[in-house]
Amino acid sequence: MSAKHSVASLDNVGLSHDGGANFVLRNVSLTLEQGEFVALLGPSGVGKSTLLRVFMGLMQPTEGTVGGSACTTDAEETGTKRRRRALVFQDARLMPWRSVLKNVEFGLEGLGLTREEKRTRAMDALKLVGLEEAADRWPRRMSGGQRQRVGVARAFTVNPDLLLMDEPFGALDPITRSSLQEELQRIWQQTHKTVLFVTHDIEEALRLATRVVVLAGGPPAGITGEIAITMDERNPESTVFRTYAARLRAMIAGEKDPGGAPYWRSAEI
Amino acid sequence: MRDKVSFSTKWALGLIGLIVFFGGWEAAIRTGLLPSGMVPAPSSLGPAWLDEVRGGFWQQAILDSLHHYLLGLLIGSVLGAGLGILCGMVAVVDGLLEGIVRLLRPVPGLAWVPFAILWFGLNTSGATFVIAISVFWINFYAAHSAVRGVDPELYELAAAFGHGGFFGRLFKVVLPAASPGLMSGLRTGLGQGWMSVVAAELFGVPGIGARMMQASSLLATDVVVVYMLTMALLYAVTDFLFGFVRKRVLRWQP
């Protein structure tokens, strides 16, 4: 296998909810490479979640095509004991009638695993998010941050090639939020999954992602720019970080990219 | 605002209420306030009950009625909840059945008795049919609204994890998510079933209802009341037993 290959890609995708002329997204092309952490940044209501659902296969594009190894429709999952794509919802979306462990196991049902296999893998995923002690608890007894950890565990347990996250920390308080961000960063560095992370928070995007893609304008909305970030540029106090934030703000507002990347990077952009 | 009463006080109050009720009733008959020919004295109920037990009528009536009740309850609940779930999940079925449902719903169980006799005869099947119909509607409506009330976001969750098909949605989302509504439908049907036992047996199928009719035609009001209380007891027992099932199924609820 080559060092990098496309896990998921959209080619000139357009989407209108009624199939008619009222497009919410148009001419969107975006390729996710193996191991990337891409933040999809844009204002609320612009269609980020919709775009995520196209990647997930929950919505069919009105025009254009979806490709990549994780998204091709022959993704026959039964027997492989894993799913190629997994989604983390903004609202955790746990099933109140299932215990924490059973909620995580839900990701594994229908894959032909034995009861023990499901249990072991779900427990491993709970360990990954630090909740192995909470396996037998009911979701309603948990805090928002804990519930979202369960949602993350449910997605990780299916061992996906592509992890899609829909503003997963958007509804949390700032302290819980930043601890979950750090945890996600640690898990990503351990597992090197390809991640597409939807957010409307510029700082969150810059702190987590290797590449930030801006979806703005419209309707129909389109991709108005992107910035690649290296690990050592992630310090929020640094000038580079602030320059990037300013550029992203301009892209969201639909203005021309003011530039201002460090000279050693400007050639790439 | 309601003032709070502890569990044991509540029980004691209920008991006092019953004692006052039966005591007042007895007193009213002894003082001649109530004509004894119209209403039996509570003190006559014990002997009347013993007579029924000695003759074996009481036991046989309960067995017969229990047979009708359980069979009617099973058929009515399964069909009612099943069709209610189907209508709640599939818009086309819901639309197709809407007119028919509106037409048949207001028909009381008793009105089906002529057809029960015609189609099934004066036997267990006829009585079962009448009970099943009244239980059917309760479960149909309970299931229908419970399924319509399922959070649509759970369907998206199921679809995201490979359970987007009809059976995936049914078993992974609808049945558990709608279980509180389904359970309350079953529970209401449990009570409604006992009420329709009388209607189902009025026309002569042996059981508690038939025994009551026989007794009332002989003006044996004490026997009628014995069977009224018997039915209340049977309902209390079934409701109590169902409470365990309900608690087990809904243990995730607060």
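Q: Before anything else, what counts as buried here?
A: A residue is buried if 20 or more other C-beta atoms lie within 10 Å of its own. With 12 or fewer, the residue is exposed. Anything in between is partly exposed. Keep in mind that this is a predicted model.

Q: OK. How much of chain A is buried, then?
A: By that count, 41% of the 269 residues of chain A are buried.

Q: And the overall dimensions of chain A?
A: Along the principal axes, the C-alpha atoms fill a box of roughly 55 × 45 × 40 Å. The radius of gyration is 19 Å. A compact globule with 269 residues would have one near 18 Å, so the value agrees.

Q: How many helices and strands does chain A have?
A: Eight helices and nine strands.

Q: What share of its contacts join residues at least 24 apart?
A: 69%, counted among contacts between residues at least 6 apart in sequence.

Q: Strands next. Which strands does strand 1 of chain A pair with?
A: Strand 1 covers residues 6–15 and runs antiparallel to strand 2, residues 25–33, with six bridges joining them. Strand 1 also pairs with strand 4, residues 63–67, in the antiparallel sense over four bridges.

Q: Which residue stands opposite A:Ser6, and which opposite A:Leu10?
A: A:Ser6 stands opposite A:Glu33 in strand 2 of chain A. A:Leu10 stands opposite A:Val66 in strand 4 of chain A.

Q: Is A:Asn12 buried or exposed?
A: Exposed, because A:Asn12 has 12 other C-beta atoms within 10 Å.

Q: Which loop residue of chain A has a positive phi too?
A: A:Arg93, with phi near 50°. A:Arg93 lies in the loop between strand 5 (85–88) and helix 2 (100–105) of chain A.

Q: Buried or exposed, that A:Arg93?
A: Buried, because A:Arg93 has 22 other C-beta atoms within 10 Å.

Q: Moving on to strands 8 and 9 of chain A. How are they joined?
A: Six bridges join strand 8 (residues 211–216) to strand 9, and the two run antiparallel. They form a hairpin with five residues between them. A:Gly217 in the turn has a positive phi of about 80°. A:Ala216 stands opposite A:Gly222 in strand 9 of chain A.

Q: Why is strand 9 of chain A said to be largely enclosed?
A: Strand 9 covers residues 222–228, and six of its seven residues are buried, so the rest of the structure largely encloses it.

Q: Which residues touch the most other members of the largest nonpolar core?
A: That core has 121 residues. Those touching the most other members are A:Val38, A:Leu40, A:Leu41, A:Phe197, A:Ala209, A:Val212 and A:Val214. Helix 6 (residues 124–148) of chain B gives the most to this core, with 15 residues.

Q: Zoom in on A:Ala209. What is A:Ala209 in contact with?
A: Leaving aside neighbours within four places in sequence, A:Ala209 is in contact with A:Phe37, A:Val38, A:Ala39, A:Phe197 and A:Ile229.

Q: How is chain A divided into domains?
A: Domain 1 takes 19–70 + 161–269, and domain 2 takes 95–159. Their C-alpha centres lie 27 Å apart. The contact takes nine residues from domain 1 of chain A and eight from domain 2 of chain A.

Q: Which element gives the most on the domain 1 side?
A: Helix 5 (residues 174–191) of chain A, with four residues. That side of domain 1 divides into seven nonpolar, one polar and one charged.

Q: And chain B, what domains does it get?
A: Domain 1 (1–39) and domain 2 (44–249). For chain B, 30 Å separate the two domain centres, taken over C-alpha atoms.

Q: How many residues of chain B are in contact with chain A?
A: 12 residues of chain B are in contact with 14 residues of chain A. Helix 7 (residues 152–160) of chain B supplies the largest share of the chain B side, six residues. The chain B side divides into eight nonpolar, two polar and two charged.

Q: Last one: where is B:Ser44 found?
A: In helix 2 (residues 42–54) of chain B. B:Ser44 counts as partly exposed, because it has 17 C-beta neighbours inside 10 Å. The C-alpha atoms of B:Ser44 and B:Ile85 are separated by 49 Å. These two residues are 41 residues apart along the chain.

Notes:
Residues numbered from 1 in each chain as written. Chains lettered and ligands numbered in written order. Predicted model: local features only at pLDDT ≥ 70, side-chain atom pairs only at ≥ 80, totals over all residues. Rg over C-alpha atoms; globule rule 2.2 N^0.38 Å. Contact = placed C-beta atoms within 7 Å. Nonpolar A, V, L, I, M, F, W, Y, C, P; charged D, E, K, R; others polar. Domains from an automatic or database assignment. Core = buried A, V, L, I, M, F, W, Y, C linked by C-beta atoms within 7 Å. Pairing = 2+ DSSP bridges.
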